[in-house]
Amino acid sequence: MSYFNQAHNRIRTIDLTFSAALLLLTVMLFLSYYIRAELSQSNKLTDHTYEVIMSVDTLSNSLLQAESSRRGYILTGNVQQKSRCEFYAQQALENLKEVKELTNDNRNQQQRLARLGEEITRKLTIFRLSISQYDRSGFRGPQQAQLTEEGTSLMTSVRSGIDEIKNQEKSLLGERRNKEHTTLLILTIVFLSGISIAIILLSLSYYIARHESRSHLIAADDLQAANRDISDLSSMTQLLQSCSNFDEARGILSCYGEKFFPKGSGGIYLINPSRTLMTDVAIWGAADRRPFTPDQCWAMRLGQSHLSAAVSDVQCQHVEEAIHSAHLCIPLAAHHETLGILSLSFPPKAEPEQIDKKRLKATAFAEQVALAIRSLQLREQLRELSIRDPLTGLLNRRHMEESLLREISRATRTKQPLSVVMIDVDHFKNFNDTFGHEAGDHVLKEVGHLLQKNVRDSDIACRFGGEEFTLILPDADCEMALEICNRFRAAVKGLQLFMGRQHLGHITISAGISVFPSDGDTIQQLLAAADEALYEAKEKGRDRVIGSCTSPARNADGE
């Protein structure tokens, strides 16, 4: 009896064990299926969140490109920039619509997007108003500045709205990723507690889940890197647009070049006006500062990027042969003009996928740098036009008065002399009447060039008006001013003037000198004293220099 009872108990135990095993297997299979479904749903939600974030980033980039193109059109009048602005403005509206469709299930996001849509619509309206204003009246600083100020305020509000939407999506992303991690933990427990069949099945699910999770992590890292690059490009562009000269831009470009390409070296090289030499405007890392000719760079020759990553690749001649690294050159082109190149060196053992990423990143960097450099060049050209006399190339009267006021202030502080010279071409009216105004312009141009050659680097040569010129001579007393003026007077006297084959004869000049502070301590007093000395020189027979240091015994040659 006891045997059968024991046998019955063993059978019962086996049955219970087998039933428990079957139940465990069934539960494990069900749990595995349930966990896999949860992971799949979580992954779909995560993918959806990434899609929303990328759409928001695309919207932000479209607005940035539209703003950049509008500014380029206002500065240069390039119709392609206008078309580009209209394209990206339309693209921004489509991107906004796409974001709204992706967030239909999120009421809070829809409310934020409604406010953001109104601001974007107003921003695009400002773009159209700015372009219409430029098309009707050309560049008008106050009106454009007013529109730009309102647009900047709106852009700040738009960015704030975009950041708010992105932060909400990132919060959702974090919650969904936490859910993924929790689900993975449950899957791990099931994996460790299962039997061999369950282990095989769950191992496959676990592997797939881990693989998908790793893919999402990589995508998240890439997205964060892309966001940083966009933010850095935007910051660099804003800083470059605020630069007043290339010296300021040099430091900014070097800083951001090292920030964008930290594990390599590189430089930005611009071509000179005669298009014969490439010189660096900014370098970082171990880049070479030596200038080179455009023919030594394949990117300049081909008009497209050139990569030499393998030993068998053709390398640019301006790259040192001893440097064992991959090298990438990208042309800097803006408004159909090649300004120079972006030259980069990085380790040659990088994977092809990494090299492609570097190329794309460098191309985006080069595009923004080219636009910023061209904008800076145009601003410098406009500044030169505003302070230079177009005929002689000398400084104009307005800039002369600003310079003289500055030099008077400096001479007052340093207690050093300052001389002002008024110069007039003798009998210029008769010359114009004899040979015509075109010949007169030719004479003034030659005299202006000769004046610039016969003064010191610190001297300021200006065209006062008509046939009159003004010289500002810092740290020069009357004797030194007399020496400089007589040297220039002799050079003018020996000038051979031809217009075509016609010899225009010889010309002479007269000059009057005033000295600070003995002849005056204001602009008006110094110019009046120099003008008075000039008239005295003309009354005494012209072709001479008169100043407080000249004596009656000196002849016309200043001897």
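Setting aside neighbours within four places in sequence, G77 is in contact (heavy atoms within 4.5 Å) with G72 and Y134. The model is predicted: local features need pLDDT of at least 70, side-chain atom pairs count only at pLDDT 80 or more, and totals for chains, interfaces and linings use all residues. Numbering starts from 1 along each chain as its sequence is written, and side-chain values use heavy atoms, without hydrogens or water.

G77 sits in the loop between α1 (2–76) and α2. Helices (H or I, at least four residues) and strands (E, at least two) are DSSP runs, numbered from the N terminus. D135 lies 58 residues from G77 along the chain. The C-alpha atoms of G77 and D135 are 8.9 Å apart.

## Helices α2 and α3

D135 returns in the contact between α2 and α3. Helix α2 covers residues 79–102, and helix α3 covers residues 107–137. Their axes (lines fitted to C-alpha atoms over the stretch in contact) come within 11 Å and cross at roughly 170 degrees. The two helices are therefore roughly antiparallel (over 145 degrees).

From α2, the contact takes K82, C85, A89, L93, L96, V99 and K100. From α3 come Q110, L113, G117, I120, L124, F127, I131 and D135. The residues of this α2 and α3 contact divide into 10 nonpolar, 2 polar and 3 charged. Here Ala, Val, Leu, Ile, Met, Phe, Trp, Tyr, Cys and Pro are nonpolar, Asp, Glu, Lys and Arg charged, the others polar.

## S62 in α1

S62 belongs to helix α1. Its relative accessible area is 2%, so S62 is buried. Beyond its neighbours within four places in sequence, S62 touches Y88, Q91, A92 and N95.

## Cavities

The structure has 5 cavities of 30 Å³ or more. A cavity is a set of points on a 1 Å grid where a 1.4 Å probe fits but cannot get out; lining residues have an atom within 4 Å of a point. The largest cavity holds about 160 Å³ of space. Of the 14 residues lining the largest cavity, S68, G72, Q241, L371 and S375 are the closest to its centre. G72 is also in contact with G77.

Helices α1, α5 (196–241) and α8 (352–387) each give at least two residues to the lining of the largest cavity. This lining has 3 nonpolar, 9 polar and 2 charged residues.

## Helices α9 and α13

Helix α9 (residues 397–414) packs with helix α13 (residues 523–539) at an angle of about 110 degrees. The axes of α9 and α13 are 10 Å apart. The pair is therefore roughly perpendicular (65 to 115 degrees).

M400, E401, L404, L405 and I408 of α9 meet I523, L526 and L527 of α13. This α9 and α13 contact has 7 nonpolar residues, no polar and 1 charged.

## Backbone features in loops

The loop between β11 (509–516) and α13 contains P517. The peptide bond from F516 to P517 is cis, with omega near 5 degrees.

K415 is not a glycine, yet has a positive phi of about 60 degrees. K415 lies in the loop between α9 and β6 (418–425). It is exposed, at 70% relative accessible area. D543, also not a glycine, has a positive phi of about 50 degrees. D543 lies in the loop between α13 and β12 (545–546). At 11% relative accessible area, D543 is buried.

Key
Axes fitted to C-alpha atoms, helices over the stretch in contact; angles between N-to-C directions. Parallel < 35°, antiparallel > 145°, perpendicular 65-115°, else oblique. 1 Å grid on protein atoms, 1.4 Å probe; cavity = no way out; pocket = protein on both sides within 12 Å on 5 of 7 lines; lining within 4 Å. Points joined across faces, edges and corners; volume = space filled by probe spheres on them. Buried < 20%, exposed > 50% of the residue type's maximum accessible area, 1.4 Å probe, protein only.
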